[in-house]
Amino acid sequence: MKKIFVQGLVAGALSSLAGVVYFNIYQSTLLTQFDRIINTGSIIGTSFIGSMLIALGYLALYKFNKPNFQGWLNVLICLLSFVSIISPVGMALPLDIEFPELFPGLVVPMHFFPALAYFTIQPFFEVRKS
């Protein structure tokens with residue numbers, strides 16, 4: 001159980017790092033300024049929340065002794081990641097924001113970072129049978 005919590009924290013840290021790096025590269029490359037809408041703190045917070053929600057799903061599998069459903073949980077996580085992009089795609093930005101059409105390109109990939117980070121580090125946290 002502790003291992004699942006630590007995995008969620010590590011995934012949150014990796015997801016946050018990826019999100020902040022992507023945010024800075026995207027803004028400097030495309031010369032955009034979305035700092036009033038999204039900032040480093042919100043990226044870090046949502047990355048940790050997303051990763052900890054994934055960990056909570058795995059914790060539920062552990063508690064109910066249903067490891068066979070891990071694949072279905074992964075499918076659900078991916079589906080929820082896709083559903084979560086509806087909000088930023090349909091978001092109305094303030095009129096004084098330059099290049100509002102570039103905003104979805106910034107935030108949509110970030111919605112997949114928690115799942116990507118969690119799935120990437122998962123082999124390092126699995127229990128090995130000898």
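A pocket is an open set of grid points with protein on both sides within 12 Å along at least five of seven lines, and its lining residues have an atom within 4 Å of a point. Helices are DSSP runs of at least four residues, numbered from the N terminus. The structure described here is a predicted model.

The protein contains 6 helices and 0 strands. Read from the N terminus, the order of elements is α-α-α-α-α-α. Along the principal axes, the C-alpha atoms occupy a box of roughly 60 × 25 × 20 Å.

Two packed helices are described by the angle between their axes and the distance between the axes. For helix α1, which spans residues 2-30, and α2, the packing angle is about 150° and the axes lie 8 Å apart. Since angles over 145 degrees count as roughly antiparallel, α1 is roughly antiparallel to α2. The crossing of this pair is right-handed. On the α1 side, the contact involves I4, F5, G8, L9, A11, G12, A13, S15, S16, G19, V20 and F23. These residues meet T40, I43, I44, S47, F48, S51, M52, A55, Y58, L59 and Y62 of α2. Sorted by class, the contact of α1 with α2 comprises 15 nonpolar and 8 polar residues, with no charged residues.

Helix α2 also packs against α6, at an angle of about 50° and with the two axes 9 Å apart. This angle makes α2 oblique to α6. The crossing of α2 and α6 is right-handed. From α2, the residues S47, G50, S51, I54, A55 and Y58 take part, and they meet P114, A115, Y118, F119 and Q122 in α6. The contact of α2 with α6 has 7 nonpolar and 4 polar residues, and no charged ones.

A further contact joins α3 and α6, whose axes come within 10 Å and cross at roughly 155°. The two helices are therefore roughly antiparallel to each other. Residues Q70, N74, I77, C78 and S81 of α3 make this contact with A115, F119 and Q122 of α6. By class, the contact of α3 with α6 divides into 4 nonpolar, 4 polar and no charged residues.

Rolling a probe the size of a water molecule over the atoms shows where empty space is left. The largest pocket in the model has a volume of about 690 Å³. Its lining is made up of 28 residues, and T46, G50, S84, H111 and P114 are those nearest the centre of the pocket. The elements that contribute two or more residues to this lining are α2 (40-63), α3 (70-83), α4 (86-90), α5 (103-110) and α6 (113-125). Helix α2 supplies the largest share, with 9 residues. The lining of the largest pocket has 18 nonpolar and 10 polar residues, and no charged residues.

How values were computed:
Residues are numbered from 1 along each chain as its sequence is written. This is a predicted model: local features need pLDDT of at least 70, side-chain atom pairs count only at pLDDT 80 or more; totals for chains, interfaces and linings use all residues. Side-chain values use heavy atoms; hydrogens and water are left out. On a 1 Å grid over the protein atoms alone, a cavity is a set of points where a 1.4 Å probe fits but cannot get out, and a pocket is an open set with protein on both sides within 12 Å along at least five of seven lines; lining residues have an atom within 4 Å of a point. Grid points are joined across faces, edges and corners, and a volume is the space filled by probe spheres set on the points. Ala, Val, Leu, Ile, Met, Phe, Trp, Tyr, Cys and Pro count as nonpolar, Asp, Glu, Lys and Arg as charged, and the others, Gly among them, as polar. Axes are lines fitted to C-alpha atoms, for helices over the stretch in contact, and angles run from 0 to 180 degrees between N-to-C directions. Angles under 35 degrees count as roughly parallel, over 145 as roughly antiparallel, 65 to 115 as roughly perpendicular and the rest as oblique. A crossing is left-handed if the near helix is turned anticlockwise from the far one by less than a right angle, and right-handed if clockwise. Contact means heavy atoms within 4.5 Å.
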